Amino acid sequence: IVAQQDALGRIVFRREGPKPQRPIFDLTLTIDEVLQYIAERELQRVVARSRAKAGTAIVMDPWTGEILALANVPVYDPNKYRKTSSAARRNRAVTDTFEPGSAFKVILAAGALEEGVIRPGDWFHGENGAIEVSGVTIRDHEKHGWLTVQQILAQSSNVGAIKIGQKLGKSLYYHYISGFGFGTLTGLDLPGETPGLMRRPKGWSGLSLSVLSLGQEI
């Protein structure tokens with residue numbers, strides 16, 4: 001709508017503007033209203049219960065990569081933008097970096113299985129919960145004996161994961177880490193996305209392969 005106003009802001013002339021020459025496209029969001037509400041509610045509960053400074057929750061469709069819910073705590077009221085801190089306004093889901101931890105063991109296993117260096121039923125000894133690498137002792141949350149690859153993942157055995165990492169090796173492991181998209185931008189249409197931090201194998205220490213197998217140093 002095109003309109004003209006007088007000095008008091010009253011509309012004195014009004015007409016419909018020219019129709020757009022280019023076609024207008026619909027924008028369909030992937031956010032699910034119900035999942036978004038649940039994610040925000042539960043995240044606020046767990047952050048309060050654990051007395052954490054902040055929290056993030058992302059719900060994705062694993063088949064398409066669509067973001068179904070994305071929540072951050074603390075939250076802020078957009079109507080009171082100037083009264084909020086920059087920390088509250090930051091979209092931590094895309095701007096913050098963090099070590100994925102033991103969830104990253106599935107990336108290790110995927111690479112090792114794809115390369116055929118392990119099979120799901122292969123056995124590895126858990127060394128009773130402790131292994132020494134480059135002069136550093138890395139421990140499990142409990143003592144394990146023999147474990148299959150499936151059990152290593154189910155029990156989240158650090159010792160087992162390190163042994164799988166040693167069989168896969170630096171070059172191939174890096175190939176799969178980068179192949180899964182770690183260390184690069186996703187292209188998500190939200191401002192401030194960070195690619196994360198991932199060093200090339202030539203910058204790894206004697207401990208890096210082992211701790212990367214546990215989702216650290218990335």
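Apart from neighbours within four places in sequence, Asn-72 is in contact (heavy atoms within 4.5 Å) with Leu-43, Gly-55, Thr-56, Asn-91, Arg-92 and Ala-93. The model is predicted, with local features needing pLDDT of at least 70 and side-chain atom pairs counting only at pLDDT 80 or more, while totals for chains, interfaces and linings use all residues. Residues are numbered from 1 along each chain as its sequence is written, and side-chain values use heavy atoms, leaving out hydrogens and water.

Asn-72 lies in strand 4 (residues 67-73); strands are DSSP runs of E with at least two residues, helices runs of H or I with at least four, both numbered from the N terminus. Asn-72 counts as buried because its relative accessibility is 15%, where buried means under 20% relative accessible area with a 1.4 Å probe and protein chains only. The side chain of Asn-72 reaches the backbone nitrogen of Arg-92 at 3.3 Å, and that of Ala-93 at 3.3 Å.

Two packed helices are described by the angle between their axes and the distance between the axes. The axes of helix 4 (residues 105-115) and helix 6 (residues 158-168) come within 10 Å and cross at roughly 40 degrees. The crossing of helix 4 and helix 6 is left-handed, the near helix being turned anticlockwise from the far one by less than a right angle.

On the helix 4 side, Lys-105, Leu-108, Gly-111, Ala-112 and Glu-115 meet Asn-158, Ala-161, Ile-164, Gly-165 and Leu-168 of helix 6. The residues of this contact comprise five nonpolar, three polar and two charged.

Technical notes
Axes fitted to C-alpha atoms, helices over the stretch in contact; angles between N-to-C directions. Nonpolar A, V, L, I, M, F, W, Y, C, P; charged D, E, K, R; others polar. Buried < 20%, exposed > 50% of the residue type's maximum accessible area, 1.4 Å probe, protein only. Polar contact = N/O pair within 3.5 Å; in protein donor to acceptor, adjacent residues only side chain to side chain.
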